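Visitor: I have a new structure to look at. Please walk me through it, one piece at a time.

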Amino acid sequence: MAEDRTPSTPDEAADGASPRGLTRRTVVGAAVATGAAAALPWNAATAGATSAPRATGQLARSFADPPAEYRARFRWWWPNGQVDLKEVAREVDQMVDAGFGGAEIADVHHSMRGVGLDVETYGWGGPHWVAALTTALTQARRRGVQLDVTIGPSWPAAAPTITPDDDAASKELVHGRAVVEPGATFDGPLPASYVAPEDGVTREELLAVHAFRVAASSTPTAKTVVLDLDSRVDLTDQVTQDERLTWTAPADRPWILLAFRIRGTGQQPESGPHTSPTSYVIDHFSEAGSRVMIDLWEDTILTPQLRRLLRDAGRTIFQDSLEFEATTFWTPDLLEQFRVRKGYDLLPLLAAVVRQKESIVFKFDDETSRRLLNDYWEVLGQLFDERHIGVLKPWINSLGMGMRMQPYGLQTDAMHSAALLDVSEGESLGFKNLDDYRSLAGGRDMAGKQLLSNEAAAFANGAYSTTWKAVLQKLNPIFTAGVNETVLHGFSYADAPNAQWPGFAAFSPYNGGPGYGESWGPRQPTWRHAPEIADYFGRAQYVLRQGRAQADVAFLRQKGYAGSGFGAAWFSNTGVKEGWSLEFVAPSLLRLPSAVVRNGVLAPDGPAFKALVFEGDAFANKLPVLPPDTARKLVEFAKAGLPIIVIGDWAQAQAYGGGTAGDDAEVRALVLELLAQPTVAVVPTRETVPDGIAKLGLRPSVQYDTTTSPLLSSRRVDGAIDWFLFANGSTTAEAAHAVTLPRRIRSAVPFALDPWTGEIQRVAVYDEPTRDSVRIRVKARPGQTLIYALAPRLTFGLRAAVAAHATASEAEVRADGLALVVRSPQAGTFATTLPGGRTVATRIPDVPAARELTGWTLDVESFEPGATATETRIVRIRKQLDALAPWTAIPGLQDVSGVGTYTTTVDLERSWPTGAGALLDLGAVSDTFRVTVNGRRLPPADQLQPVVDVGPYLRRGRNTIAVEVATPLLNRLRVSNAPVFGGSKPLAYGLLGPVRLLPYVERILGARR
């Protein structure tokens, strides 16, 4: 067995494929703007957002080889600044050479807990970290890509220039409680806070001391104690300087004595240490907290060279999800801000706001507590948007970069935050369903922004076992929910102290196990096939950034949460299977300038919703509540002709928050006026939404000829072109049926765009049910995507101006230049119907029989640990296989990971018909694969559809077929690092088959022989 080193770049192992240098080309056009910003001050966010005329063929060229800004990116995990500058530059090259469009530099090293990283020398933000960032940006500029960088070490945003006691540090409201029996006297120190302060917190400020009678319906030990609001006694002024109190409770019922204090949370960014001195999380609800981050960058990070590089090769400054740790969220002037914004005093009501172990522990009557909590979270959300996003974004934009953030994790209005950000982002691990993305998409599209990013493909316990097929099956349906940027989770820097083969990995080991997230890169056998994956993502995202997104339904939710998993009544589970598309809107989005109705369409210059639907507050037992201004807007929309479906009983409609005494009456009157409009349909339950649809005469823009389908759709409108991306959202069911597409321009014809090969073909078979629609047939395996465009005939530079098409056929028909070609896997005469009704018969003569391919030679390059943590030894193994089987069942391959090449021969007889070809059906294959026939590599294949057309590459006589299969590293790690990976179940690697050659014969339409 020969030994060799792992190629230092993926191209050395790619059969001579040339390195791919990506040229950054930003397409700048008229930004679609219906909301807060008409044009962003940085290029990356507007890339592709143009409706300007383009030369014939330009779209086809850009689709075939998407510019860097459309391509998928990586989370690039560093162990703080403990990195080698040459290695940093080399890793930029590795990502770019594999076809990816850049990376986000993030200091994340959960696997290094307890390992002594040198934060004194290599801490985040220190001189060496700045030098490494400078090196990365310099190399990115050379290679024509852009990099993102997190605003602080790990998450949440934190700085080493503050202590937990500083005004700008994150704050919490804590409470201590004591039960005072009827008539008893409390005499002593105030009850201590129920949870001790974190390290570094040295100061607590007493805010108030209140006593409440326990309501007759409750007890002092209840999980949520009900308090009598009218019984409140303010004892603050009776507390001595040393925080002692003497107070006798009335002799009626038990009382709860509450001491409220404010202190710093002492929260540090995830999985430190990152800096010296220690970094602490800033107050995200105060301007002071945001200024700390700005001052940190301005004073210690932004050298003149780095400023220039960020403007040239920087893209966004990023913040992760809002994972704040606080007993009860607070900011120093919250009482004042609450009073100004809501018109009443929060101080007497604090008991119903405080939390213990993230749960509310006291409440007043349900109505008072509901309104109070709605207002509390709304004020916090406003402060976050104004003082964090509103302060940081202008500064970030002044650097020539955009602000990208995951604006969720709290009970705040993430939809409104998404409308403010340059780029909002979701996550495939934390989000519960597609509706979580649709919530952020609503904010993006109502504000006229372009990108919705996705922290993608982190699988629990998936380190070194994640397959690209699993990634595709997970991410493809997400594309239909508004996502058009993929940030893969992730690419780990090569090495770190005490790392084990195959190198440092940010999340593995994790709590002693494999951890989550994958470490993509040359350490992975599948990296050899990464360019095909990268091209696929680039092409899909290129399409999904053309023009503007459109959706059928705006589903109004009273709360603008994201990441909650709450869906839209009927539409999320049933409507999408009938072709409906949707996004969510919050009351805040209806306050944007784009929220107008024209010709019965909401936001006509943006998502162009053809209907709005709402029900009671899903987070409050469907209570019929609305903010007064939202109720007024809905009446205005209905009178302007917008169809609205109202779900449930709204006879007792109320105001959403505290408001004034007249707000309930106003909302109730407005709802009654709304329900009286002819454009409004009221249905009693979620299940009866179709009755409202029928009453209003609504139909989805995309229609299926089946009652239910696993197919999900996304539509974008760009000048004369309508783009459609479909994804099969099922893991088991195939979609095969007709789809009717809306057509805005009478001369538009359908084109099929292959995201794997980059080829664009005109659709050969379609009919036109109406002047405004085109019907095609589609077929998609589980997880698979399909892309179509309705466009003028010469849009893609194809010779389609006078090309014929069919409206139906008994066989498969494809376009070949101006001609139509009939293909069949069996002999016969097949009728094809042309426009106007004329039928043409095409005779297919005998077709060779299908055959199973056997007798394989398997050459394996086994990836094994080398002399260091980052060195991989390649051990070559050859096996002769009478039958295909997983490597775990082949002696000598049970614990092997790597790349295997399966080779066999097939003889085609001299009688092989003219016009005959064949499909190669690989059956089951794990993980990625390439096919070579007679020494010629075939175009990239859909990794979820292991059936490739080998017809153009076959010849009479002997043919050599080779299938190259690459695997994850898990099976090798199970034995090389058994303490971490030994408990994982081995994966069935390899070409499993059965592999069949499926012949077909083609004839020009109408051929009789």
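**Starting with one residue**

Visitor: Where is the place of V813?
Guide: V813 is in strand β41, which covers residues 812–816. Strands here are DSSP runs of E with at least two residues, helices are runs of H or I with at least four, and both are numbered from the N terminus.

Visitor: What kind of model is this?
Guide: This is a predicted model: local features need pLDDT of at least 70, side-chain atom pairs count only at pLDDT 80 or more, and totals for chains, interfaces and linings use all residues. Residues are numbered from 1 along each chain as its sequence is written, and side-chain values use heavy atoms, with hydrogens and water left out.

Visitor: Back to V813. Buried or exposed?
Guide: V813 counts as buried, at 12% relative accessibility. Buried means under 20% relative accessible area, exposed means over 50%, and partly exposed lies in between, with a 1.4 Å probe and protein chains only.

Visitor: Which residues is V813 in contact with?
Guide: Set aside its neighbours within four places in sequence. Then V813 is in contact (heavy atoms within 4.5 Å) with A764, V765, L820, V821, V822 and T832. V763 also belongs in this picture: its C-alpha atom is 9.0 Å from that of V813, though the two are 50 residues apart along the chain.

Visitor: New topic. Which strands make the closed barrel?
Guide: Eight of them, in the order β2-β3-β4-β13-β18-β19-β20-β21, with parallel pairing. Two strands pair if DSSP finds at least two bridges between them.

Visitor: Let's zoom in on β2. How many of its residues are buried?
Guide: Six of the six, so β2 is largely enclosed by the rest of the structure.

Visitor: How many bridges join β2 to β3?
Guide: Five, and the two strands run parallel. W77 stands opposite A106 in β3.

Visitor: What about β2 and β21? How many bridges there?
Guide: Four, again in the parallel sense. There, F74 stands opposite L488 in β21.

Visitor: And how many bridges join β19 to β20?
Guide: Five bridges join β19 (residues 423–427) to β20 (residues 451–456), also running parallel. V423 stands opposite L451 in β20.

Visitor: Which strands form the open sheet?
Guide: β32, β35 and β38, in that order, with antiparallel pairing. β32 (703–704) and β38 (773–780) stand at the edges with a single partner strand each, so one side of each has no neighbour in the sheet. Eight bridges join β35 (residues 735–742) to β38, and P742 stands opposite S773.

Visitor: Rings next. How many aromatic pairs are there?
Guide: The structure holds 39 aromatic pairs. Rings of Phe, Tyr and Trp (its six-membered ring) pair if their centres lie within 6.5 Å; planes under 30 degrees apart count as stacked, over 60 as edge-to-face and the rest as tilted. F566 and F619 form a tilted pair, 4.2 Å centre to centre with 35° between the planes.

Visitor: What kind of pair do W723 and F796 form?
Guide: An edge-to-face one, at 6.0 Å centre to centre and 75° between the planes. W723 lies in β34 (residues 721–728) and F796 in the loop between β39 (785–791) and β40 (808–809), so the pair ties together parts 73 residues apart in sequence. W723 is buried, at 1%, and F796 is buried, at 4%.

Visitor: Last topic: the backbone. Which residues does a cis peptide bond join?
Guide: W155 and P156 are one case, with omega about -10°. P156 is in the loop between β4 (146–150) and β5 (158–159). H489 and G490 are also joined by a cis bond, with omega about 0°, and G490 is in β21.

Visitor: What is phi of A457?
Guide: Near 70°, a positive value in a residue other than glycine. Most residues other than glycine have a negative phi, and most peptide bonds are trans. A457 is buried, at 0%. N511 has a positive phi as well, near 50°, but N511 is exposed, at 66%.
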